[in-house]
Amino acid sequence: MITFRGLRRGEACGLRKTDWNRTQKTLTIATQLVLDGWEVIENAPKTDSGERVVALDDYTDEALDEQELRQEAERLEWGEAWVDSGRMFTTPHGSPIHPGWLTDHFERLVELSDLPPIRLHDLRHVAASLMLAAGVDVKIVSETLGHSDTRITRDIYQSVMPKAAQEAAEATAAIVPRGATRQPKHVTVEEPQPKAVEAPQQELALATAITAGRDGHTSATHEGAKIIAFPSRRVRS
């Protein structure tokens with residue numbers, strides 16, 4: 001949930017089963033578990049924009065199905081000792097996951113993986129980077145993360161966005177069907193040498209072109225202006 005959908009730690013720990021809409025494949029982020037020292041407090045998300053509906057991809061949706069089955073098996077194993085907290089993610093006996101424990105557990109997994117160190121909160125940045133790299137509009141990314149303004153998203157991920165925008169442009173162009181490329185034939189044309197025109201004739205040509213306005217444009221109307229000839233506007237049948 002944190003890596004793919006960018007939830008905050010407290011939002012992931014605070015998810016309730018009732019927040020999951022199976023039909024729509026969405027999660028409503030309406031509560032979070034935060035720390036006061038080591039004491040856990042349940043309250044609303046960080047900001048008003050933090051209360052949001054997050055769309056789920058197929059992979060994450062299937063992971064929630066598996067989690068529900070795992071949780072049901074644990075409930076049967078613990079029997080009457082099971083704690084029905086209503087949370088989507090719990091300890092083996094059903095109580096909510098402590099946010100501090102989640103951070104400690106993640107750090108141990110990172111250490112065991114022998115990979116470069118990364119914080120749990122960095123997974124939220126991974127989610128944003130993945131969305132931007134996939135060409136998702138920054139407004140949708142901002143709403144998914146629960147940012148109060150798209151400028152926050154732009155400021156944080158400005159190093160990722162240019163590359164994402166370029167890839168999005170290429171992806172857009174790639175969907176346009178194209179036929180076989182026609183290569184232009186190279187034709188050598190001998191350009192005629194310009195003939196010298198006396199000044200009075202130049203002035204006459206300039207006046208004629210400006211008046212007629214047919215196949216030429218002038219670069220200026222003062223003395224010494226040049227006529228730039230263009231092909232005829234007639235179109236071949």
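This is a predicted model: local features need pLDDT of at least 70, side-chain atom pairs count only at pLDDT 80 or more; totals for chains, interfaces and linings use all residues.
## Loop residues with positive phi

K25 is found in the loop between β1 and β2, where strands (E, at least two residues) and helices (H or I, at least four) are DSSP runs numbered from the N terminus. The phi of K25 is near 55 degrees, a positive value in a residue other than glycine, and K25 is partly exposed, with a relative accessible area of 26%. Residues are numbered from 1 along each chain as its sequence is written, and side-chain values use heavy atoms, with hydrogens and water left out.

D114 also has a positive phi, of about 60 degrees, although it is not a glycine. D114 lies in the loop between α4 and α5 and counts as exposed at 70% relative accessibility. P117 has its place in the loop between α4 and α5 (122–133), and P117 is exposed as well, with a relative accessible area of 77%. The C-alpha atoms of P117 and E107, which are ten residues apart along the chain, are separated by 8.2 Å.

## The chain as a whole

The protein chain has nine helices and seven strands, and buried residues make up 29% of its 237 residues. Of the contacts in the chain with a separation of 6 or more, 48% are between residues 24 or more positions apart, a contact being heavy atoms within 4.5 Å.

## Strand pairing

An open sheet of three strands has the order β1-β2-β5, with antiparallel pairing; two strands pair if DSSP finds at least two bridges between them. The edge strands are β1 (20–21) and β5 (52–55), each of which pairs on one side only. Between β2 and β5 the antiparallel pairing runs over four bridges, and T26 stands opposite A55 in β5. The covered face of β5 carries R52 and V54, whereas V53 and A55 are on the uncovered one.

Strand β3 (residues 32–36) and strand β4 (residues 39–43) pair in the antiparallel sense over five bridges, and the bridge partner of L33 in β4 is E42. These two strands, β3 and β4, form a hairpin with two residues between them, and G37 in the turn has a positive phi of about 75 degrees.

## Nonpolar cores

The largest nonpolar core has 21 residues, and those with the most contacts inside it are M1, L15, L27, L64, M88 and F89. Such a core is a set of buried Ala, Val, Leu, Ile, Met, Phe, Trp, Tyr and Cys residues joined through side-chain atoms within 4.5 Å. At least two residues of this core are supplied by each of α2 (9–14), β2 (26–29) and α4 (99–113), and the largest share, three residues, comes from α4. Apart from this core lies another, of six residues, among them A128, V141, L145 and Y157.

Not counting residues up to four places away in sequence, L27 touches M1, L15, D19, W20, R52, V53, V54, L56, L64 and M88.

## The largest pocket

The largest pocket has a volume of about 900 Å³. On a 1 Å grid over the protein atoms alone, a pocket is an open set of points where a 1.4 Å probe fits, with protein on both sides within 12 Å along at least five of seven lines, and lining residues have an atom within 4 Å of a point. Grid points are joined across faces, edges and corners, and the volume is the space filled by probe spheres set on the points.

This pocket is lined by 26 residues, of which M1, Q67, F89, I97 and L102 lie nearest its centre. The elements that give two or more residues to the lining are α1 (2–5), α2, α3 (58–78) and α4, and α3 gives the most, with eight residues. By residue type the lining divides into 17 nonpolar, six polar and three charged residues, with Ala, Val, Leu, Ile, Met, Phe, Trp, Tyr, Cys and Pro counted as nonpolar, Asp, Glu, Lys and Arg as charged, and the others, Gly among them, as polar.

Key:
Buried means under 20% relative accessible area, exposed over 50%, partly exposed in between (1.4 Å probe, protein chains only).
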